[in-house]
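Please look through the sequence and the structure shown here before reading on. The report that follows takes the chains in turn and describes how their parts are arranged.

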Amino acid sequence: MGKIFALVVVAVAIATAYFVVAHVYWMPEDISVHGHLIDEQITETTAGAGILFLLGQFVLAAFVFLYGDSKGTRKLKSWPGGAKPLIWASIVLIGIEVLTLSFIGSKAWGAVYFSPVDPNSLHVDVQAEQFAFYFRYAGPDGQFGGIHPELINEGSQNYFGLDPANDVAARDDIVVGTLTIPVNKPILLTLHSKDVGHSFFVRELRIQQDFVPGITIPIHFIATKTGKYEIVCTQLCGLGHYNMKAYLEVVTQDGFDQFLKAQSAQ
Amino acid sequence: MSSVIYPQPAADAGAARAVRSASRPAKAVPSYTAIWLVVGSISMSFAALTSALIVRQDIGMDWKPFVLPPILYLNTLVLLASSVTLEVARKELAATYLRSETRPHPRKWFYATLALALLFVLGQFLAWRNLAAQGLFLATNPSSSFFYLFTGLHGLHVFGGVLGLLYANHRSMRGLRFAAGGPLNVAAVYWHFMAILWVYLLLILRIRM
Amino acid sequence: MEQAPAQALRHHPAPPQNFIRKYIFSIDHKVIGKQYLGLALLSAFVGMVLSWAMRIHLGWPDASIPLLGRLSPNGAPGGVMTPEYYLSLMTMHGTIMAFFVLTAAPLSGFGNYFLPIQVGAEDMAFPRINMSSFWITFIGFILAALTFVIPDGPPISGWTAYPPLSAVGPDAGPGQGWGQNLWGLSIACFTVASLLGSLNFLATTLDMRTKGMTLSRLPISVWGWFITAALGLLAFAVLLPCALLLILDRLAGTSFYIPGGLVLADRVQPHNGGSPLLFQHLFWFFGHPEVYLIILPAFGIIGHVLPTFIRKPLLGGWKVLTACMMLIALLSLVVWGHHMFVSGMSPYSAMLFSVPTMFITIPSIIAMLIWIFSLYGADIRFSTPALFALGFLSLFISGGIGGFFLAQPSTDSYLHATYFVVGHFHFTMGISAVFAIFAGFYYWFPKMTGRMMDETLGKIHFWASFIGMYGIFMPMHFLGFAGHVRRYSALVDDYLVPLLGTQRFISIAALVVGAVQMLFFFNFIWSYFKGKKAAENPWEATTLEWETTSPPPIDNFGGRRLTVYHGPMEYNVAGSRGDYVMQASPEPAAARAGD
Amino acid sequence: MSIHRIALAVLVIISITSFTAATPGPGTIQGKVTYTGTPAKPKPIDMSKEPSCAKMHTTPATTANAVTGPGNSLENVVVYISAGATDNPAAGGTVSFDQKGCEYQPHVAALQVGQELKITNSDQTSHNINAMAKANAPWNKSQPPGAPPFSEKFDKAEFIPIKCNVHPWMHAYFAVLSTSHFAVSGPEGDYKLPNLAPGKYTVTAWHESFGTQTQEITIGAGETKAVNFVFQAKPY
């Protein structure tokens, strides 16, 4: 029985290690400036934690293998040195590991959240609602119109509750369902929600940030690769949560200018 | 509520010391342990509510302070007074108990405590009426929400305390266990905690309004 | 307690004869413990059936589940599950499993039954409060179950019930009307019951110990329950106001959690200034300790069961493991923020919460090393409880490892709300705890019923569950790396469609494991009536519950009051009858071989 | 299904004919709905979030809150007898309401109190129909692809806004009316209210963006009178 147990545990451990190390399932290629820091952090954590995982499972398996299935005849011994060395070993080793991880990790975290916002980054206003994202560009005047919740009317595509009748700044605001941004240009998103909690998650950007009703949360990044990516909601927001998505299109500067022109034309 | 905890009448011991020891429970009384745990748990709840109040007031920009109904301060005195009368009751009864098992023991201070307790609850109710008269209701503003919440929850706990006192009284009918008995000690701990808790809540409200 | 004899049979002047007092409204902690376990088994069955429906829908979205269509014509028209009904099932699966199974069984169930016996008391400190806490829990369960039959259906906001989704009412979607109200009331009931329960556990452990049962002689299981109860007294005390404010926002129109200017169902909601983050802080201040409320009794049970089957005391005796549990409990009170790294909380406080979270791994790993290295030089007896205990060790390692990723803001910002999290918490607080429950069940079943459970069925149950659980939850970690978002009722995102195959694999594994649990239910019922008679001490264990008959008499020790002379883990003692010394046996502890 | 429909249609015809036979020379009100001013021009809808729907539209679908036609005609206006009708036969048959290409068809579904409304999902995606009623009981039901149609009835007269939360651009109205004399203006803005007994009537026209108008009119036996409505369009 002990031998079977040991074999199963070892098999599971090795299989798991294979799936992780061989990247059978893994993160998509990173397309952001800060993303590589997070990737490195995940790799380092995988290494550190992975070693612990394998050690733990193997030692467990070994002991069960060695000390199982006796006929009650064996003379029992206990671990020489008792608990103390184990305690100190874990305090020191794990202490060092977690401190190192925290220290390096804080750099990755800081790169996302503590880096200053580039003053001339492209500002896109994002509103999440059940169950879609809508993106707003300031338009030619570079000014966002004010938001009036009571004016929100999806029937006429007034998702932000703009008041073009009285608010000049609002008239040229461009509201679209797809986030189009120029490549290699600093982007500033201001996230706010129309109704409940949502989240903004783009795997390739290595960015996940909740929308919190009542407050506006800024995030900024630089996309380094053109292409079409998916923005998905990761905060349970109701029945359509699974289908709350939008596309992120990273285009060249020219492509972006054309996009703006086309939108303003309408 | 076990029966193991009542000290025997101390014949020769100095009366004062005897009274003190009589009104203090023996070791290892589950109910006595439990009441302190209850105190701890309730404190935790109100700590959570306090932090909720502070966060809510600082985050939402809509906090409208209002003048606390003056009757609250009167109520505070009433509640503190009830704590005092309860102590007097305990001491007096302990003394009676030590003199003899059989003498009918006085309960007037105990009833005074109950009366003050009811007076307090009435006073709190009047405070609510006062606020309602100003058009401040539970949902009017976070400030009033928290006021009703604090006073209401504390009122509920006070009500529980009254039940506790009545239970202690009921237990004491079985002979002269009233003074030194576990039930009254336990009820007393809770009752004094109610007074302290109220003073704390009043301070919080006073500071944040 | 020198006057102890005076209180013998205090709670049981005479064993109650009529059925109601004896089995329904009994104040006997053993009956109450069994009631809790029964409720937990029922809840586990319900929760498992819910997960089957969810897994079937995830693997085969268009599959029609006829019975489901019967249960809820709205939720599953023609048996095809609607997105909101998937979320309803998910919410109730989480709620029922986390509260009515994982919190109820190891703590309230086994704790009620065995804590008083193990400390040598006739009953809990407050039997009537004990009874009421079960029945309040039961009311909570009924309220939760009612959500399935009301037209509105169960809530869809998950067991975490984040506002505003959970707070604004029906405008937020199906299930957010009376479903959410009943849910809130159910949680409130459960909370009150748990507070009363914790009170009882603490008072009993502190004041009801029999002669000689010093703290250093308490079984590890008692330590587990004691520490958990202390933690619960603080954690649940915060959940209560948290839930109360939510209910007030819903029913009284206050704005504790709901900010202004929210538009749902095309109307501006009549609230202003509230803060959803306030709820998250209050909830997770409870919610994180909650996972330790679940796992610490499991630690205790494993620490209690393992020595019996390795015939050795734990390495470092009771002190090290107990210290670890205490440390974990303490740290768990200051790390709730790691659930909120991406929730708009200040990025600085994210780092502040991260470090203590990382440090929880240290006591956890020490506890794990204590268990593993206790196996060294042992003589393992592979009875079913032992197998489940060993399985616990392997599963808890696998689960704990995921913690390294989720404890760091930077890595969590990718893995947050992916299947990695689902796999992680199912391994740690879910399956590990379940394995501990099973270990306890097979271990204590003889004592509770007087009959042994069938070993062969038990072993089949173990192997299928052990391998199956890995088949379910390990792939979820991989899906997490691929960015597979959790709480999705269908895979419509382009990058999720290719992962359908993996989801199907998981679904099949889940259905198989579920089917195997039927084996356990069968074994349970069959052994209850037909199992072979159990001796007083079938496992040759040392603690007090094995000093009495199986099942124990109403006052646990038949009028005797035991005096304790030994620690709980006097195994492998040279010169003793057999290789162990029972706690209450007067014989002196001889030198332990191998020391 | 279709046979069922035909059967109902036949029933309707029979009932109407028998009814017309009963009352000699029923009158008719008909007319055209137009607008002045400049309505907001239809905006294209970005359906990229729902590819299965996006590919059903060769040219992008547009907003339908102000649908205009040739000669300033205004579509989707509900015209009905709001007062004066002595008879109120129950409108027979079922009103069907479909979800196709992530659009509601029709955009304004007029039905009588108690009349059956059959809701179908012809899309490959799951929709939810959120009837944000005030007088009636509000409801919110999902309809996964392939799920059978379901029927609803309303017991109070009300203009109920309908939305799909999964596809926020999907908006429509249920015009629940107490009378059976109602019509919805077509692409040319024309409508027709037949089978009116001689008498004095109040005719009301309702448009989701431009509001409500009423006119008084008296018709004699067998008469056909024209009642036209002109709405003031708003650019925003």
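## Domains of chain A

The domain assignment of chain A gives domain 1, covering 2-69 + 81-113, and domain 2, covering 122-265, with bounds that come from an automatic or database domain assignment. This is a predicted model, in which local features need pLDDT of at least 70 and side-chain atom pairs count only at pLDDT 80 or more, while totals for chains, interfaces and linings use all residues. Residues are numbered from 1 along each chain as its sequence is written, and chains are lettered from A and ligands numbered from 1 in the order in which they are written.

The C-alpha centres of domain 1 and domain 2 of chain A are 38 Å apart. Contact between these domains of chain A involves 10 residues of domain 1 and 10 residues of domain 2, where two residues are in contact if their C-beta atoms, placed from the backbone, lie within 7 Å. On the side of domain 1 of chain A that touches domain 2 of chain A there are 5 nonpolar, 3 polar and 2 charged residues; here Ala, Val, Leu, Ile, Met, Phe, Trp, Tyr, Cys and Pro count as nonpolar, Asp, Glu, Lys and Arg as charged, and the others, Gly among them, as polar.

## Where chains A and C meet

Chain C brings 88 residues to its contact with chain A, and chain A brings 85 residues. On the side of chain C that touches chain A, the elements that each supply at least two residues include α4 (83-119), α8 (276-310) and α14 (455-481) of chain C, and the largest share, 15 residues, comes from α10(C). Helices (H or I, at least four residues) and strands (E, at least two) are DSSP runs, numbered from the N terminus. By class, this side of chain C has 58 nonpolar, 22 polar and 8 charged residues.

## Helix α9 of chain C

Helix α9 of chain C has 15 residues (317-331), and at 1.5 Å a residue it should span 21 Å, which agrees with the 23 Å between its end C-alpha atoms; the expected span is 1.5 Å times one less than the number of residues. Its buried residues include W318(C), L321(C), M325(C) and I328(C), a residue being buried if 20 or more other C-beta atoms, placed from the backbone, lie within 10 Å of its own. The cover over the buried residues of α9(C) includes α3 (83-113) of chain A, together with α7 (220-251), α8 and α10 of chain C.

## The helices of chain B

Chain B contains 6 helices and 0 strands. Of its 209 residues, 40% are buried, and residues 24 or more positions apart account for 80% of the contacts in chain B with a separation of 6 or more.

## Two strands of chain D

In strand β4 (residues 78-83) of chain D, 5 of the 6 residues are buried, so this strand is largely enclosed by the rest of the structure. It runs antiparallel to strand β14 (residues 182-184) of chain D, to which 3 bridges join it, and V79(D) has A183(D) as its bridge partner there; two strands pair if DSSP finds at least two bridges between them. Another 5 bridges join β4(D), again antiparallel, to strand β16 (residues 199-207) of chain D, where Y80(D) stands opposite T204(D).

Strand β1 (residues 27-36) of chain D is mostly covered, with 7 of its 10 residues buried. Over 5 bridges, β1(D) pairs in the antiparallel sense with strand β15 (residues 190-196) of chain D, and G31(D) stands opposite Y191(D) in β15(D). By contrast, β1(D) runs parallel to strand β18 (residues 224-226) of chain D, with 3 bridges, and parallel to strand β19 (residues 229-232) of chain D, with 4 bridges.

Note on methods. Buried ≥ 20, exposed ≤ 12 C-beta atoms within 10 Å, placed from the backbone.
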